[in-house]
Amino acid sequence: LAAWLRFSGLEHAEFLWDQAEISRWALNMAQQAKVTWIGPWSSTRLDTFPGAIWLLAIPYSISTSPIFATGFVAAINFLTVVGCYILVRHWFGRTAALVATLLFAVAPWAVIYSRKIWHTELLPPFVLLYVVSGWFAFVRGRRWAVLAHCLALAALVQLHFTALAFVPLTILWALIFRK
C-alpha cells in the first residue's frame, strides 16, 4: 500500500520553482561535475546547506528526468515506512508496528510529501537513522553507533536548517545516558 501510494502517478507530483531550482543544482552537479558547497537560497534569503543537492545528484547522474528524481525520493521514503515497521516492531511489538506503519503509509501529507523534490522531503529516512543510531549509541552503549549518530545528525543538518533542533536532543541523550 505504501509503495503504491508513493509510486503511482509520479508524473503528477508538484514541481514548482523550488523543485526546479534544486533539480537544476543537482543536475549541474551530476552532469557537469560542478560540486557545490552551498545550496540555493531559502525563503529567508539564507543560503541552504547542500545536502539535498548532493543526495539528488544520485538520481540525476542516472537520468535527467525529474520524474526519475521524484521516484528516487519516493523510494527512500518508502524504505522509511519499512524501517518504521521494523523499528516499532522491535520496540513495541507487532500490533503497534502494524498500526503505526499503516498510519504512516496512508497519511495524506506523508504520501504527498514523500514524492516531492524538496529539502524537507529527504529528512524522514535520516531521522529514522538518527533515532536508531541514537538508541544504539546512548541506550545500548555501542561506541560505533556514536559516530553513526553524529553522521546521521550531520546529514540531517545538511539537508535542512530545521534539523538543528536535533542537536539539543543529542546532547540531552548524551547527558541522560552518560554512563
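Modeller: Gladly! Let us begin with a term: helices are DSSP runs of at least four residues, numbered from the N terminus. Please keep in mind that this is a predicted model.

Biologist: Thanks. Which helix gives the most to the lining of the second largest pocket?

Modeller: That is H4, with 8 residues. The elements that give two or more residues to this lining are helix H4 (66-92) and helix H7 (123-139). The lining has 14 residues, and those nearest the pocket's centre are Gly83, Leu87, Leu128, Leu129 and Val132. The space inside comes to about 250 Å³.

Biologist: And how many residues of that lining are nonpolar, polar or charged?

Modeller: There are 11 nonpolar and 3 polar residues, and no charged ones.

Biologist: Next, how should I read a nonpolar core?

Modeller: Here is the general idea: in soluble globular proteins, nonpolar side chains tend to be buried together. In this model, the largest nonpolar core has 25 residues, and Ile53, Leu55, Leu56, Ile117, Leu122, Leu156 and Leu159 have the most contacts inside it. Two or more residues come from each of helix H2 (17-32), helix H3 (51-62), H4, H7 and helix H8 (143-159). H3 gives the most to this core, with 6 residues.

Biologist: Could we zoom in on one of them? Which residues is Leu122 in contact with, leaving aside its neighbours within four places in sequence?

Modeller: Leu122 touches Ala52, Leu55, Leu56, Val73, Ile76 and Leu159.

Biologist: Now the charged side chains. How many salt bridges does a search of the whole structure find?

Modeller: The general idea is that side chains of opposite charge can pair when their charged atoms come close. The search finds 2 salt bridges here. One joins Lys116 to Glu14, with the closest N and O atoms 2.5 Å apart. Lys116 sits in the loop between helix H6 (108-113) and H7, and Glu14 in the loop between helix H1 (2-7) and H2, so this pair ties together parts that are 102 residues apart in sequence.

Biologist: Is Lys116 buried or exposed?

Modeller: Lys116 is buried, at 6% relative accessible area, whereas Glu14 is partly exposed, at 40%.

Terms used
Residues numbered from 1 in each chain as written. Predicted model: local features only at pLDDT ≥ 70, side-chain atom pairs only at ≥ 80, totals over all residues. Heavy atoms only, no water. 1 Å grid on protein atoms, 1.4 Å probe; cavity = no way out; pocket = protein on both sides within 12 Å on 5 of 7 lines; lining within 4 Å. Points joined across faces, edges and corners; volume = space filled by probe spheres on them. Nonpolar A, V, L, I, M, F, W, Y, C, P; charged D, E, K, R; others polar. Core = buried A, V, L, I, M, F, W, Y, C linked by side-chain atoms within 4.5 Å. Buried < 20%, exposed > 50% of the residue type's maximum accessible area, 1.4 Å probe, protein only. Contact = heavy atoms within 4.5 Å. Salt bridge = Lys/Arg side-chain N within 4 Å of Asp/Glu carboxyl O.
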